[in-house]
There are 2 protein chains.
Amino acid sequence: MMNNNLTIPPGLNSFDSAQHFRHKGAVFWLTGLSGSGKSTLAIALQSALTQRGYSSYVLDGDKLRLGLNANLGFSPQDRTENIRRVGEVAALFSDAGLICITAFISPYQADRARARNTCAQAFHEIHIAASVATCEARDTKGLYKKARAGELLEFTGVSAPYEAPVAPEFRIDTDQESVEVSVMRLLSYAVEHLAV
Amino acid sequence: MMNNNLTIPPGLNSFDSAQHFRHKGAVFWLTGLSGSGKSTLAIALQSALTQRGYSSYVLDGDKLRLGLNANLGFSPQDRTENIRRVGEVAALFSDAGLICITAFISPYQADRARARNTCAQAFHEIHIAASVATCEARDTKGLYKKARAGELLEFTGVSAPYEAPVAPEFRIDTDQESVEVSVMRLLSYAVEHLAV
């Protein structure tokens with residue numbers, strides 16, 4: 001018997017992710033200097049969202065550099081391609097219905113604008129703001145010390161520019177606000193903007 | 001006031017996706033000829049899973065060719081890179097806790113083996129089997145006609161090989177089985193293998 005019927009049975013068709021997850025999909029694009037607190041906030045926000053029934057995922061350099069972006073280096077073109085792929089993957093997660101929280105320095109306005117274009121209204125640019133002085137005082141990964149010693153070239157905030165967001169949807173000053181307060185403010189923002 | 005404390009507050013730490021979604025994350029990697037029924041089955045399976053409370057996402061060429069893989073052509077290297085990226089993105093979705101259903105011809109064993117390596121036990125190779133004759137009789141997209149006319153080069157099943165899975169986790173013969181039956185069998189498989 002040959003089965004030439006590949007139509008989808010009734011009732012097994014469109015997928016309404018907002019109905020399934022009970023909130024809109026979104027990209028929360030955290031941008032800021034190294035040491036500004038992007039990853040810390042991303043992870044804390046995911047946990048807080050999860051506790052309240054939201055479905056989310058954190059994308060950061062650790063998850064991509066060894067996988068999807070393993071074939072990229074640190075040339076200007078490769079850095080741009082790195083952020084382009086992050087934007088496209090985040091858009092897929094948003095399309096799937098999740099809140100995708102990305103944690104990348106993403107210093108260039110043009111790269112972030114392109115990421116925004118992949119998912120339009122679902123994109124929320126969140127500036128994790130802290131002065132270079134604050135980030136350098138923290139120097140959680142010891143990178144500022146290396147950059148000052150000339151061991152890291154084109155290091156954002158030291159030897160390469162950071163183009164701060166002009167009109168981000170949200171801004172957090174991590175040198176003035178605790179992680180707890182920041183997360184609660186972001187949660188309120190999510191509840192308000194992602195309601196179905 | 002300078003805030004140098006970026007530690008994650010207690011209780012806001014690790015994310016247990018299996019606990020959140022109430023099932024394991026997974027990649028259901030559908031492989032088969034053009035016209036074998038991969039996309040139809042992927043969409044039908046997603047709907048059936050959703051109705052039963054599972055969280056899933058379908059990755060197919062339509063979603064990737066204009067986005068993440070827009071900078072890839074159809075050279076052998078680009079085809080391999082295409083499937084590599086699909087595998088890496090699917091692994092991220094699985095890591096997020098979703099059941100990622102991919103629908104790509106993915107004709108080469110080596111490419112599929114690499115995709116499997118990105119997520120190990122979470123990877124389920126599902127052979128959507130149908131003879132070239134059946135697929136050509138369907139010719140849902142008119143591609144076989146073009147391939148026979150020489151308008152499409154290196155077309156899998158006509159002018160390029162399809163390396164069938166040697167030991168797939170699951171096999172569906174779409175020339176012998178209806179979509180409804182196939183989906184129900186895949187659902188049983190999911191329930192059995194993705195229980196927390």
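I started with a crossing: H4(A) goes past H5(A) in a right-handed way. (A crossing counts as right-handed if the near helix is turned clockwise from the far one by less than a right angle, and left-handed if anticlockwise.) Helices here are DSSP runs of H or I with at least four residues, strands are runs of E with at least two, and both are numbered from the N terminus.

Before going on, I noted that this is a predicted model, where local features need pLDDT of at least 70, side-chain atom pairs count only at pLDDT 80 or more, and totals for chains, interfaces and linings use all residues. Residues are numbered from 1 along each chain as its sequence is written, while chains are lettered from A and ligands numbered from 1 in the order in which they are written.

**The H4(A) and H5(A) pair**

I looked up the packing next: H4 (residues 76-96) and H5 (residues 109-119) of chain A meet at an angle of about 25°, their axes 9 Å apart. The axes are lines fitted to C-alpha atoms over the stretch in contact, and angles run from 0 to 180 degrees between N-to-C directions. The two helices are therefore roughly parallel to each other; that label covers angles under 35 degrees, with over 145 being roughly antiparallel, 65 to 115 roughly perpendicular and the rest oblique.

Which residues make the contact? On H4(A) I found A:Thr80, A:Ile83, A:Arg84, A:Val86, A:Gly87, A:Glu88, A:Ala90, A:Ala91 and A:Ser94, and on H5(A) they are A:Asp111, A:Arg114, A:Ala115, A:Thr118 and A:Cys119. (Contact means C-beta atoms, placed from the backbone, within 7 Å.)

I picked out A:Arg84, which sits in H4 of chain A. From C-alpha to C-alpha, A:Arg84 and A:Thr118 are 9.4 Å apart in space, though 34 residues apart in sequence.

**Positive phi values**

I then checked A:Ala120, in the loop between H5 and strand S4 (123-129) of chain A. Its phi is near 45°, which is positive in a residue other than glycine. A:Ala120 counts as exposed, with 10 C-beta neighbours inside 10 Å.

A:Asp139 is another non-glycine residue with a positive phi, near 40°. I found A:Asp139 in the loop between H6 (132-138) and H7 (143-148) of chain A. A:Asp139 is partly exposed, having 16 other C-beta atoms within 10 Å.

Terms used
Contact = placed C-beta atoms within 7 Å. Buried ≥ 20, exposed ≤ 12 C-beta atoms within 10 Å, placed from the backbone.
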